Amino acid sequence: GCGGMQAMSASSPIQKCNDFVVKFANVNGSGSASANELFARAVIRMGVPVAPRNIFPSNIQGLPTWYEMRVSAAGWLGRRGGCDLMVAMNPQTWDRDIAEIATNGYLVYDSTKELPASKFRPDLTVLGIPLTELCNREYTDARQRQLFKNIMYVGALSALLDVDFDEVTKLISEQYGSKQKLIGANINALKIGHDYALANFACPLGLRIERADMIGDRIFIDGNGACGLGAVYAGATVSAW
């Protein structure tokens, strides 16, 4: 393939705009959920509806967790089974995660440690990013290495799926408000991932986000948040944890 992209099959990779599923396979307690949600919010800032779902079968740190998002121009479509792009960050669930990717789909993974060819599928477009290596080179603190690994792949995805990089950095600035140090560190991690993808892969992929105006005055909220707001608007006080 071109630009470091390893397309193993003769058939062509999936081509879809504003309607596809991205799934993240992570380890619980790694800070991945907030990074994945950041990416979902960036898609909404592009004016395209997205329906994310955080799937955590366990509340025990170190056990598997998934985050799935359906980008949908229709605005009301949710999960459909399978995914077009998998961000596989958990060796424990690797085989099942790879099996879930649609035919001729895409796989993004941490290529720091070399994996045998038998671990892949011949129809997939494989995008290896040495995330652990990049983080270890950049950070000395163990927790930072863990957290920024997620932020790096969000930066890479913004390049791969054509999400405006400025929208992602704006969200980081909003999230951390006056904490300049945190803003700078996160944007640096985003940039490392973004630049790596641009330098090594043909961006964007067959999957891409095209700026649109499909959101109107809707907001990004989950059911728990909506219930809490409803209680406040109804005049109740709310305690949540």
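A crossing of two helices is called left-handed if the near helix is turned anticlockwise from the far one by less than a right angle, and right-handed if clockwise. Keep that in mind as we walk through this predicted model, where local features need pLDDT of at least 70, side-chain atom pairs count only at pLDDT 80 or more, and totals for chains, interfaces and linings use all residues. Residues are numbered from 1 along each chain as its sequence is written, and side-chain values use heavy atoms, with hydrogens and water left out.

Start with helix H4 (residues 142-160) and helix H6 (residues 180-200), whose axes come within 7 Å and cross at roughly 45°. That makes H4 oblique to H6; angles under 35 degrees count as roughly parallel, over 145 as roughly antiparallel, 65 to 115 as roughly perpendicular and the rest as oblique. H4 passes H6 in a right-handed crossing. On the H4 side, the residues that meet H6 include Phe 148, Ile 151, Gly 155 and Ala 159, and their partners in H6 include Ala 185, Ala 189, Ile 192 and Gly 193. Sorted by class, this contact has 13 nonpolar, five polar and no charged residues. (Ala, Val, Leu, Ile, Met, Phe, Trp, Tyr, Cys and Pro count as nonpolar, Asp, Glu, Lys and Arg as charged, and the others, Gly among them, as polar.)

Now zoom in on His 194, which lies in helix H6. Is His 194 buried or exposed? At 13% relative accessibility, His 194 counts as buried, because buried means under 20% relative accessible area, with exposed over 50% and partly exposed in between (1.4 Å probe, protein chains only). Leaving aside neighbours within four places in sequence, His 194 is in contact (heavy atoms within 4.5 Å) with Gly 155, Ala 156, Ser 158, Ala 159 and Phe 165.

Phe 165 takes us to H5, where the buried residues are Phe 165, Glu 167, Val 168, Thr 169, Leu 171 and Ile 172. What covers them includes helix H1 (32-45), H4 and H6.

Back to H4 for one more partner. Helix H3 (residues 131-138) packs with H4 at an angle of about 125°, with their axes 9 Å apart, so H3 and H4 are oblique to each other. Their crossing is right-handed. Among the residues making this contact are Leu 131, Leu 134 and Cys 135 of H3, along with Arg 145, Phe 148 and Lys 149 of H4. By class, the contact of H3 with H4 has six nonpolar, two polar and two charged residues.

Methods:
Axes fitted to C-alpha atoms, helices over the stretch in contact; angles between N-to-C directions. Helix = DSSP H or I, 4+ residues; strand = E, 2+ residues; numbered from the N terminus.
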